[in-house]
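Please keep the sequence and the structure in view while reading.

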Amino acid sequence: MKSNLIILGVNHAYQLVSRDCQPAVYRAFFDRVNPDLIGIQRTPEKYARMDLQEYAYEQKEIILPYALEKSVPIFPFDWNASSNDQLLAYGINDSDQPAFFRGENSLKKFTFFSNLQEDFFYSERKEVIKQNNEWIQTKSSGEKDFARRLFQYRTYMQAMSIKSIVDSHPGKTILIIVEHKHKVDIESILSNNASMEIIQPSKFGYPTNEEISQHKEVNDAYAVCSFNILGLQANHEIDMKWVEENLDTLREHDYTSEVKLLEVKLELLKGTITDTEAIKRYIELEKGLNYYQRFTYTGVKDKSRIDSYFDPFGNLSVKNRLRVELGKSFYNIKQQDKVQVLKEEILSMSSLTIFQEKQLEAYWNMYISTV
């Protein structure tokens with residue numbers, strides 16, 4: 001009996017910038033597929049420790065909670081080079097570990113999206129498939145070809161792992177969630193396997209507005225607002241109307257200082273208030289802030305760091321993050337002396353480790369003040 005194999009290609013964390021790919025769409029789509037099991041892109045060893053990719057929002061915040069609620073088994077299927085091999089190729093023995101600070105040339109950069117052109121079935125587009133195939137087939141010179149070669153081998157091993165899952169579950173409906181660049185090659189590798197029928201996700205159709213609405217959660221709105229308003233995505237394209245709708249959800253849920261801070265920052269991004277007006281509102285808001293209040297969603301995996309995968313200051317308290325935003329606005333109106341005072345306040349009044357202090361200094365120079 002053949003198994004049905006559905007491979008959904010995704011762009012990690014894209015669920016936080018796109019109305020069409022929002023978390024509720026995934027939950028509604030999973031209901032349509034009604035899988036007997038779900039495969040996620042993580043090595044078995046790391047999955048066993050619940051060590052998930054920090055930027056793979058769909059895994060920790062969408063797939064795992066859904067599977068737990070519906071009692072759907074999860075199977076990891078990824079592969080990675082050994083620590084020694086990574087050290088030879090990258091110069092570090094764990095490619096999951098970000099550098100001291102995430103810069104343009106570091107292996108783990110901050111996550112943001114330069115454009116919002118993807119739809120839910122993006123990985124099935126002919127032009128996307130062509131683009132991915134061209135990248136896979138285009139060799140680079142010398143050592144620079146390592147990334148492409150490793151990608152190909154990794155994809156092949158992913159396919160073999162998926163094949164093993166299918167062979168162990170004959171006649172079942174198996175949903176695989178994988179980074180979209182791997183999808184087509186995996187399907188090509190498994191295309192002649194007689195034990196499975198590969199079905200394109202689009203065959204199940206895009207969920208209706210009613211289905212999507214039934215699967216919306218308040219925590220989605222916190223994550224969407226944090227990613228777009230506080231993260232580096234704020235410097236790029238934002239679906240303002242959709243982000244505003246998510247902020248409305250938070251206002252209705254609990255109009256806290258966290259939400260008010262997001263509100264002021266979004267108005268700045270929209271251009272409906274000036275930096276001078278924002279400063280007044282930030283200062284007023286700071287008066288009622290509990291020093292230990294934290295953001296509901298930060299994306300922080302390693303709490304020994306000051307950053308998250310999308311925000312240089314993601315692990316700061318709400319009060320200290322407000323000081324960061326104050327610093328940005330004071331810098332914009334050329335009051336550099338006040339910018340420095342705010343930085344010193346964060347450093348002197350926070351229980352930051354030396355490592356976190358150094359990161360704060362580095363990111364402050366990169367994103368707040370160039371002086």
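Helices (H or I, at least four residues) and strands (E, at least two) are DSSP runs, numbered from the N terminus. Residues are numbered from 1 along each chain as its sequence is written. The model is predicted, local features need pLDDT of at least 70, side-chain atom pairs count only at pLDDT 80 or more, and totals for chains, interfaces and linings use all residues, while side-chain values use heavy atoms, without hydrogens and water.

The largest pocket has a volume of about 1600 Å³. A pocket is an open set of points on a 1 Å grid over the protein atoms alone, where a 1.4 Å probe fits, with protein on both sides within 12 Å along at least five of seven lines; lining residues have an atom within 4 Å of a point. A volume is the space filled by probe spheres set on the points, which are joined across faces, edges and corners. Tyr55, Leu107, Lys108, Arg154 and Lys181 are the closest to the centre among the 44 lining residues. Two or more lining residues come from each of α4 (83–90), α5 (126–137), α6 (146–168) and α7 (180–190); α6 gives the largest share, 5 residues.

The second largest pocket holds about 400 Å³ of space. Its lining comprises 20 residues, with Lys60, Glu61, Gly299, Val300 and Lys301 nearest the centre.
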